[in-house]
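Colleague: I have the model open next to the sequence and would like to talk it through with you. Could you take me around it, a piece at a time?

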Amino acid sequence: MKDIINRFITIQARHGIFFRSEVTSELLIQNNNYVFKQIPKELFAKDPIFDEKNRIEKFYNRLKDGHHYCYGFFDQDNAVVFYMWISYPESTSILVPWVFKTKLVVKPCTAYIWDCFTAPQYRRRDLYKKGLLRAKALCAQQGVEQVYIDCTNDNIASQAGINSAGFKIFFAYTVRRVGALNFVNQDARKGVTVVLSGKGYNIVL
Ligand SMILES: CC(C)(COP(=O)(O)OP(=O)(O)OC[C@H]1O[C@@H](n2cnc3c(N)ncnc32)[C@H](O)[C@@H]1OP(=O)(O)O)[C@@H](O)C(=O)NCCC(=O)NCCS
């Protein structure tokens, strides 16, 4: 009984900021030290960067969905030093896992960048910022017009990189998890819709 009560009264909250950018197809200065390319799934089980989070099964499942792509920078020894996930639909809207059990609804001509990670020993070398710029250029090639990304309020490094890559604040949000339910609060900015879905609300970008 106690377990059941706890399940329904546990409250967790995540406070974050959504950013948005038009895509850019401007030429990027080539960085000779690192090559930006799609990460083959075989590397999830091999490259040390993926040990950090131990999320191999999740990563395989993302690829099965068919509209989530993992890209990153490789060093001269072909080791992954930074990775990011980019999701964009081909024709109809797609769902992307978001905070707690909520989902983002990503519409055609838009993309969402998520789960970005720089190997600790390679941090503060602009890899995140340059990765975001590369992702925008890649999205432009795919016919995407607007790219979204979000991070928590306290993630100063992520916010700095997002700003440097030319994203602008879109809206602030709070997601609260109360037991099995999820609630999303967000300011009523044009273009964002929150829809009830299952045990929570999804944000439509
Ligand atoms: C957030 C993260 C990806 C940044 O990676 P990074 O490659 O070190 O970032 P960059 O070198 O491109 O730096 C981007 C900006 O952040 C700043 N920055 C980086 N680390 C910082 C820190 N610890 N404190 C303050 N600012 C920081 C840089 O000075 C740079 O600012 P500038 O563009 O104004 O000069 C990395 O810290 C990380 O993997 N963290 C854990 C996972 C995470 O939080 N991911 C982001 C959520 S999607």
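Modeller: Gladly, and please keep in mind that this is a predicted model.

Colleague: Is S3 largely enclosed or left open by the rest of the structure?

Modeller: Strand S3 covers residues 68–74, and five of its seven residues are buried, so the strand is largely enclosed by the rest of the structure.

Colleague: Which sheet do these strands belong to, and in what order?

Modeller: They are part of an open sheet of eight strands with mixed pairing, and the order is S2-S3-S4-S7-S8-S1-S9-S10. At the edges are S2 and strand S10, residues 181–186, each of which pairs on one side only. From one strand to the next, the twist averages 25°.

Colleague: Which strands does H3 lie across?

Modeller: Helix H3 lies across strand S1 (11–22), S2, S3, S4, S7 and strand S8 (146–152), and its direction is at about 40° to S4.

Colleague: Changing topic, what is the order of strands in the sheet of four?

Modeller: That sheet is also open, with mixed pairing, and its order is S5-S6-S12-S11. Strand S5 (94–97) and strand S11 (193–197) each have a single partner strand, so at these edges one side of each strand is left without a neighbour in the sheet. Neighbouring strands here are turned by 30° against each other on average, with direction ignored.

Colleague: How many bridges join S5 to S6?

Modeller: Four bridges join S5 to strand S6, residues 103–106, and the two run antiparallel. As one example of residues facing each other there, Val96 stands opposite Leu104 in S6.

Colleague: How many residues are in the largest nonpolar core?

Modeller: The largest nonpolar core has 53 residues, and those with the most contacts inside it are Ile86, Val106, Ala111, Ile113, Ala135 and Val147. If you leave aside its neighbours within four places in sequence, Ile113 is in contact with Met84, Ile86, Leu132, Ala135, Val147 and Ile149.

Colleague: I also have my eye on Ser87. Where is it found, and why does it count as buried?

Modeller: Ser87 is found in strand S4. It counts as buried because 22 other C-beta atoms lie within 10 Å, and the cut-off for that class is 20 or more. Not counting residues up to four places away in sequence, Ser87 touches His67, His68, Ile94, Val96, Val106, Ala111 and Tyr112. Ser87 and Cys139 are 52 residues apart in sequence, with a distance of 9.6 Å from C-alpha to C-alpha.

Colleague: Now the ligand, please. Which residues come nearest to it?

Modeller: There are 18 residues around the ligand, of which Arg123, Ala157, Ala160, Gly161 and Ser164 come nearest. Strand S7 (110–118), helix H3 (127–141) and helix H4 (156–164) are the elements that give two or more residues to this shell. H4 gives the most, with six residues.

Colleague: What is that shell like by class?

Modeller: The shell around the ligand has eight nonpolar, five polar and five charged residues.

Colleague: One more spot, the loop between S7 and H3. What is phi for Arg124, and is Arg124 buried or exposed?

Modeller: Arg124 is placed in that loop between S7 and H3, and its phi is near 65°, a positive value in a residue other than glycine. Arg124 counts as exposed because it has 8 C-beta neighbours inside 10 Å. Asp126 is placed in the loop between S7 and H3 as well, and has a positive phi of about 70° although it is not a glycine. With 16 other C-beta atoms within 10 Å, Asp126 is partly exposed.

Colleague: To finish, how many helices and strands does the chain come to?

Modeller: The chain comes to four helices and twelve strands. Of its 205 residues, 36% count as buried.

Technical notes: Residues numbered from 1 in each chain as written. Predicted model: local features only at pLDDT ≥ 70, side-chain atom pairs only at ≥ 80, totals over all residues. Pairing = 2+ DSSP bridges. Axes fitted to C-alpha atoms, helices over the stretch in contact; angles between N-to-C directions. Buried ≥ 20, exposed ≤ 12 C-beta atoms within 10 Å, placed from the backbone. Near = placed C-beta within 6 Å. Nonpolar A, V, L, I, M, F, W, Y, C, P; charged D, E, K, R; others polar. Contact = placed C-beta atoms within 7 Å. Core = buried A, V, L, I, M, F, W, Y, C linked by C-beta atoms within 7 Å.
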